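Dear colleague,

Please find below the structure that I am handing over to you.

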Amino acid sequence: YPGAPDWKVAVIAKPVEGEVTDDPDDPRWEGLERHSFPLVGQVTIDPRMFTPTVDMVTVKAMYDQKEFAVLVIWDDPTKSVATPAAGETVPEIFDDAVALQFPTKMLEGTKKPYFIMGDINNPVYVARWNGRTNSIDEFNANGTEVRVGLRIKPQPEASWQFKGKGTYKNGQYRAVFKRALVTEDKETDLQIEPGKFYPMAF
């Protein structure tokens, strides 16, 4: 988007006519309010990233009585996918991706889980869109203590609730996350009720 970022502290989802979309090019997105959020590099765990290429995301959201969708937009000068170096199985780069993090369960008052993968007492629920596969997977995490490593527990594919897809055009990604407000996985997925505030990290 041209002009200065429209910095916000919350994403306000708007009700829409018709089915909630998983299409990043659905024309209804254009009429929804945009919310911009700065990003910082991951500087707590090796390998650290002090100067990330992507330093902000712009977000829009919609919902109906059954589902909600979040559109995440960010500029990236190159489309990157994992490619192993010659004779190696470890990629030289990671796939371009974006993730939404929520608390697994709402905490009392204004308390929120740590914004990088939660913490030992406050687990998080994460949906991650991958630019190579153009698909979303889900996992739970409860912290990033260096001495014990990152504690991530992937959810089985049959339990993934988010659907969506993304595009990369003219140096810009647009990825949609769509999910039912309420899921059957009440122990690992955040349950959503319209009109309430839910902490979210990108």
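**Findings**

Asn170 sits in the loop between strand 9 (166–169) and strand 10; strands here are DSSP runs (E, at least two residues), and helices likewise (H or I, at least four), both numbered from the N terminus. Because its relative accessibility is 84%, Asn170 counts as exposed (exposed means over 50% relative accessible area, buried under 20%, partly exposed in between, with a 1.4 Å probe and protein chains only). Its phi is near 50°, a positive value in a residue other than glycine. Met117, in the loop between strand 5 and strand 6, also has a positive phi, near 65°. Most residues other than glycine have a negative phi.

Please note that this is a predicted model, in which local features need pLDDT of at least 70 and side-chain atom pairs count only at pLDDT 80 or more, while totals for chains, interfaces and linings use all residues. Residues are numbered from 1 along each chain as its sequence is written, and side-chain values use heavy atoms, with hydrogens and water left out.

**Overall architecture**

The protein chain contains 0 helices and 10 strands. A compact globule of 202 residues would have a radius of gyration near 17 Å, and the value of 17 Å for the protein chain agrees with this (taken over C-alpha atoms; the rule is 2.2 Å times the number of residues to the power 0.38). The C-alpha trace spans about 50 × 40 × 35 Å along its principal axes. Of the 202 residues, 39% count as buried. Among contacts with a separation of 6 or more, 59% join residues 24 or more positions apart, a contact being heavy atoms within 4.5 Å.

The accessible surface comes to about 11900 Å², and 56% of that belongs to carbon and sulfur atoms (Shrake-Rupley method, 1.4 Å probe; for residues, only the protein chains shown count as cover).

**Nonpolar cores**

The largest nonpolar core has 24 residues; such a core is a set of buried Ala, Val, Leu, Ile, Met, Phe, Trp, Tyr and Cys residues joined through side-chain atoms within 4.5 Å. Those with the most contacts inside this core include Val70, Val72, Trp74, Val98 and Trp129. Two or more residues come from each of strand 3 (56–63), strand 4 (67–75), strand 5 (97–103), strand 6 (124–130) and strand 10 (172–180). Strand 4 gives the most, with 4 residues. A second, separate core of 9 residues includes Val16, Trp29, Leu32 and Val176.

Leaving out residues up to four places away in sequence, Val98 touches Val72, Trp74, Ala127, Arg128, Trp129, Ala175 and Phe177.

**A buried and an exposed residue**

Tyr173 belongs to strand 10 and is buried, with a relative accessible area of 1%. Beyond its neighbours within four places in sequence, Tyr173 is in contact with residues including Val72, Trp74, Asp76, Lys79, Asp96 and Trp129. Tyr173 and Leu32 are 141 residues apart along the chain, and their C-alpha atoms are separated by 18 Å.

Lys66 is placed in the loop between strand 3 and strand 4 and counts as exposed, at 68% relative accessibility. Not counting residues up to four places away in sequence, Lys66 touches Ala180 and Leu181.
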